[in-house]
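Here are my notes on the model, as numbered points. Please read them beside the coordinates.

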Amino acid sequence: MSSKKITVSIAGIGIISPLGIGLLATEQALRKNRSAITPLTVFPVQHPSPLPVGQVQDLSDSPLPRTHRLAITAANQAMGGYTHPPDAVILGSTTGGILRTEALLAQGEQDPEKYRYHGLSTVAEEIAREVHCTGQALTVSTACSSGSVAISMALKMLQADEVQWVLAGGADSLCRLTYFGFHSLQLVDQEGSRPFDKNRRGMSVAEGAALLLLTNQQPTHSYGQILGCGLSCDAYHSAAPHPQGQGAAAAMKNALDNACLAAADIGYINLHGTGTPDNDLAESRAVRKLFDPVPPLSSIKGLSGHGLAASGAIEAAVTAICLERDLLPANTGCLVPDPECKIHPIKKPEKQPVSVALSNSFGFGGNNACLVIGRSDNKPSAAHEPHKADLTILGKACITGAGHTKESMEQFFRLESMAGTLDLKDIAKDLAARKVRRLKRFSQMALALATSVLNDAALEQAPHSVFMGSGWGALSETHDFLDKLQSSKEQFPSPIDFVGSVHNSAAGQIAIMHGATGANITCSGGDYSFEQALLTADNFLRSDEKLHSAFVLAADEFHEHFSPLFDPSVDGNTVPADGGGGFYLCRGAVPKKTSVRLCFFSGNGTDIIDPLIAALGGKEHLQNSCGMILAGIPAAFADDGEIQLDHFMQQTGLDIPVIHYRKFTGEFASASSVAAVMATHLLESGEIAVDKKVLVLGFGKNITAMEFGRQ
Amino acid sequence: MDTLSEDLKKKLIEILNLTDVTPEEIDENAQLVGGELGIDSIDVLEMVVMVEKEYGVIINNKEIGEKIFSTLAALTDYIRQNSPKFS
């Protein structure tokens, strides 16, 4: 295997958490080792004694929702001293603007404009605006591992040398959904989180944000290095970890392998350690499986609480600071270590030099992500050379208002609209009722797609990994959870709805059904969610030796109350529509199969069409190779989108058919995934000459290009 | 016929969306969690919410919870003994 020396340095750190605002305050809180967990005050609750949580004090005011403000505070800190904008922003978030949405819904607010910051992608977009980044603003939502997954994605992009500066991390504010949701699962310790203590009863839900400015260039000051990352999926249960910590151990091992290090090289482990009986036991088992002797270790969640999507980034930042300061933070709250865990977390903050540490993050859906973090004086790590191979489509499937793949494509070839909402029974016709009894529309749609894709590929072996896109996630579960919460005066929300409401619930279910224990990433990029999933799959499939194949899917459900409020392309006059599509992809060429390439993904800055054309091989190449364009212009961006498309056609001088695919699919965020299946079908049915390519272009808020061709 | 037991069967089918099961098919002495119905820890929590909401019985202790939800008969007995509705 070829390898090259590449260093990914931490050039800036922004951190805001219950421990304080900024590096100095955070370090002082770690040294003082006094729990910052206090009874909830961020929003009012009806119960007279609110549960203990980790909340940020003194957050600056602005018209933006709380998650956005946390994220922007961290972003500005991380960019301090740098005037050049980053090439990309990658943010992990699970709550987005939902704290505000909850309040608006309770007031019965019906003005969609008020809900414009609901979407997860708006947090990354606001960060990008704040730091003047016109490149990719990506959003990952893998529950409590989101922040670490975002940093992992940045690492892959920097190792491939596609970008030089990336601002990556996580942000989540406290909200009713997570506060009452974790409580409904009986996972909250009424006395505050005390990870690994024998009397621990659960976690403390918290909030915060951390962003790392990462670079493969020489920064003016380095706070350390990201040496490797490892992802895995338990493929075991939607909310409980694998009891033996199988997925956790796999993620730690993958991270060590990725960094080309052995377990003995790790001098400190920053544990996920939420304080729930199950997590801490499973994690300690996983650690003991890999490490003998076990290095010094601690979870800081007894100090800060569990910042959910922010936690992985907060803890990566804390780990980096601690390495720089020769400080090992304490496992606050653990008075008597649980004998069953058989580990001995650090009792008091210790002064000890360590050069390489591991930081663990695990989430719902069995979503695991581990980072290897090194001190700035580390030797450059040997990174794997990325494989610049095409991605080949082994199977495809879609669901639209017209039906599954066959019915949808027949409708399309008759040039009739597929827009509509397929009956749930038809969506799930190939799924066992017992298997999907707890799942609502979005997750059933995703599972049905995965099953159809696998059938179409006619392969027994399912892919190892899942890359999922969704603009809005599980709207039914989110609606039903909040509805029951409100109607029962905050007494009886549904734990099943809470577990199902996370954006990555569908991808987790796919992993369980098909035994996909590799990377499992859900992206939420509004109308460009499928493209974000494809971009992420591309980065992981070509850089990770262990990953050969993946489901790459996207889906969105129409919800009669939420879709018109949240999706700016949906209003009272829009035909209700939903669905999704996707592929079984493998790395490398397969004769006679169709290949897909994500050629371009960018914000919609000025003069963006020229770089788009260049990324597609230039005007002449396009004129020779391109047979058809499927153009996606979301209704909310119709004016800008049409101008962008016109500009593209004029600049290229292309005289080929252009199909506005949303006229066929209807308006929903992951319509581009159906367009991708349409493009593949056009090629495979012989409608397009074998030597021609089909482009699926996205316009509006982002400019994207996917290229499909026969091999 | 035990009305409480029959009510619980119907509620279980409804809240756990067991669309392919009829109340008659549920054996009240069979293992409830991890048994044939495929009921797991999250379902138990959903039942905890239902039991509190419908019968005013609070179950927030894992050890006791495991006993109460061992069979439908045990759950019925516990509710009958502890619910204000039956006192």
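**Notes on the predicted model**

1. Of the 87 residues in chain B, 28% are buried (20 or more other C-beta atoms within 10 Å of the residue's own, with C-beta atoms placed from the backbone; 12 or fewer is exposed, and in between is partly exposed). This is a predicted model, where local features need pLDDT of at least 70, side-chain atom pairs count only at pLDDT 80 or more, and totals for chains, interfaces and linings use all residues. Residues are numbered from 1 along each chain as its sequence is written, while chains are lettered from A and ligands numbered from 1 in the order in which they are written.

2. Chain B has 4 helices and 0 strands (DSSP runs numbered from the N terminus: H or I of at least four residues for helices, E of at least two for strands). Its pattern along the sequence is α-α-α-α. The radius of gyration of chain B is 12 Å, close to the 12 Å from the globule rule for 87 residues, so chain B is as compact as a globular protein of that length. That radius is taken over C-alpha atoms, and the rule is 2.2 Å times the number of residues to the power 0.38. The C-alpha atoms of chain B fill a box of roughly 35 × 30 × 20 Å along the principal axes.

3. Now the interface between the chains. In chain A, 14 residues are in contact with 13 residues of chain B (C-beta atoms, placed from the backbone, within 7 Å). Helix 15 (residues 495–501) of chain A gives the most to the chain A side, with 3 residues. That side has 8 nonpolar, 3 polar and 3 charged residues. Ala, Val, Leu, Ile, Met, Phe, Trp, Tyr, Cys and Pro count as nonpolar, Asp, Glu, Lys and Arg as charged, and the others, Gly among them, as polar.

4. Chain A is assigned domain 1 (8–384) and domain 2 (391–710); the bounds come from an automatic or database domain assignment. The C-alpha centres of the two domains lie 29 Å apart. Contacts join 51 residues of domain 1 of chain A to 48 residues of domain 2 of chain A. By class, the domain 1 side has 25 nonpolar, 23 polar and 3 charged residues.

5. A:Ser146, A:Gly147, A:Ser148, A:Ala150 and A:Ile151 in helix 5 meet A:Ser311, A:Gly312, A:Ala313, A:Ile314 and A:Ala316 in helix 10.

How values were computed. Contact = placed C-beta atoms within 7 Å.
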